[in-house]
Amino acid sequence: MAKHATDERMRHAVFVFSEDQLGYKFSETHPFNQKRLVLTIDLLEKMNALSSDLFVPARIATDEELLLAHDERYIDIVKKASRGEITPEAGESYGIGTDDTPIFENMHEASARLVGGTLTAVDYVMEGKAQHALNLGGGLHHGFKGKASGFCIYNDSSVAINYLKKNYNARVLYIDTDAHHGDGVQWSFYDDPDVCTVSIHETGRYLFPGTGNINERGSGQGYGTSFNFPIDAFTEDESFLEIYRTSIREITEFFKPDVILTQNGADAHYLDPLTHLYGTMEIYKEIPKIAHELAHEYCGGRWIGVGGGGYDIWRVVPRAWSLIWMEMNNIPSPTGKLPESWLKKWQPESPVKLIETWEDPPNMYKPIPRKAEITDKNAQMLNKALYMMRNR
């Protein structure tokens, strides 16, 4: 990997954000709602965990940069859709104009801004300006080379990984803990030995996109660098974390990356309306903690984080995403009540009763009758996946 001089004033972390990132908006009723960025930032500021000097503006990715992961024809179609020059019917073969990814004004610029935010995070880390960087506006992992999918128009992680390879000659470990399989990123690097993709997600048996089986292991020179851990619906914290802790540490030791890129979807939580997992805030404390440890053990601290899914924007996402930033800055995980000023500001606007503490309330859901069966099934899956890795 290319070496770069380290600025003596290197910061622990920078927070990439621009108001323009809020322009990625399909409609008032669409489940993908960037209001969650505003809620998270306000929560961090009211915790005195985020100050103005740590913000870095998100730039717009250039067409040349988008071409690192997308077809020229597709980019042109997105631009035309942005200007109202194609109908939804004409865009459907490109995945736009659908119920999941409807056309909206200036969608190209808004999407390119999210990609540019992740590229900004990459440059800060790889140029030694910060050890860690967080772009919560990114994480659109379903986008394909020539097609939008699952709320994702451009795939910022795929662009960023190719950018890391091209500009920094880096081996990249991509870790995706969104409840949905990180299909767009996986397929982008399925035959690439210098990119390792890991996805822990709800099994595709009942959930979009239906992929991410353990036998999806890469192809050609990239065989053995794609890892999937599909967990059963109704999986709870203990089983999720056993899979995460065990797999991530062993895969990192095996792959020996130069940099870690984590996609931090917050939709594995019990309250998320689009998934069927039974996670709590406990998994969102642990996920960034282990990524942080591994970044320092193997990558000189180089860790880039992006957002992703998360559709309970009031009760779940702000708390979960705040924990990533706090971990990046060595701030102990908070306990007890959320700031009263944050609760008073947002409760009148929230359609649901806000959870008032960093921890989830006890007895949030009824005990799962099949807990032992689900846990055992997940353990068997983990053992099989690790056996395949060790005997590649």
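His108 counts as buried in this predicted model, with a relative accessibility of 7%. The residue is placed in helix H5, which covers residues 107–126. Setting aside neighbours within four places in sequence, the contacts of His108 are Asp63, Leu66, Ile75, Val78, Lys79, Ser82 and Tyr154.

The protein contains twelve helices and eight strands. Its C-alpha atoms fill a box of roughly 55 × 50 × 50 Å along the principal axes. Of the 392 residues, 60% count as buried, and His108 is one of the buried residues. Among contacts with a separation of 6 or more, 78% are between residues 24 or more positions apart. The accessible surface comes to about 15,500 Å², and carbon and sulfur atoms account for 49% of that surface.

The aromatic residues come next. A pair of aromatic rings is described by the distance of the centres and the angle of the planes. With ring centres required to lie within 6.5 Å, the count comes to 18 aromatic pairs. In one of them, the ring centres of Phe15 and Trp325 are 5.3 Å apart and the planes stand at 80 degrees; the pair is edge-to-face because an angle over 60 degrees counts as such. Phe15 belongs to strand E1 (residues 11–16) and Trp325 to helix H10 (residues 317–328), so this pair ties together parts that are 310 residues apart in sequence. Phe15 is buried at 2% relative accessibility, and Trp325 is buried with a relative accessible area of 0%. Phe15 and Trp325 also belong to one aromatic cluster, together with Phe17 and Phe55.

Another pair is formed by Tyr270 and Tyr365. Here the ring centres are 5.0 Å apart and the planes are at 40 degrees, so the pair is tilted. Both residues lie in loops: Tyr270 between strand E7 (259–263) and helix H9 (281–298), and Tyr365 between helix H11 (340–346) and helix H12 (371–390). The pair therefore ties together parts that are 95 residues apart in sequence. Tyr270 is partly exposed, with a relative accessible area of 26%, whereas Tyr365 is buried at 18%. The two residues fall into separate classes because buried means under 20% relative accessible area.

Arg36 lies over the face of Phe32, at 4.6 Å from the ring centre. Arg171 is placed over the face of Phe255, and its distance from the ring centre is 4.0 Å.

The cysteines remain. The number of disulfides is zero, where a disulfide would need two cysteine sulfur atoms within 2.5 Å. Cys196 is in no disulfide: the nearest cysteine sulfur, that of Cys299, is 11 Å away. Cys196 is buried, with a relative accessible area of 0%. Cys152 is buried as well, with a relative accessible area of 3%.

Terms used:
Residues are numbered from 1 along each chain as its sequence is written. This is a predicted model: local features need pLDDT of at least 70, side-chain atom pairs count only at pLDDT 80 or more; totals for chains, interfaces and linings use all residues. Side-chain values use heavy atoms; hydrogens and water are left out. Rings of Phe, Tyr and Trp (its six-membered ring) pair if their centres lie within 6.5 Å; planes under 30 degrees apart count as stacked, over 60 as edge-to-face and the rest as tilted. Helices (H or I, at least four residues) and strands (E, at least two) are DSSP runs, numbered from the N terminus. Buried means under 20% relative accessible area, exposed over 50%, partly exposed in between (1.4 Å probe, protein chains only). A charge sits over a ring if NZ of Lys or CZ of Arg is within 6 Å of the ring centre and within 35 degrees of the ring normal. Contact means heavy atoms within 4.5 Å. Accessible areas come from the Shrake-Rupley method with a 1.4 Å probe; for residues, only the protein chains shown count as cover.
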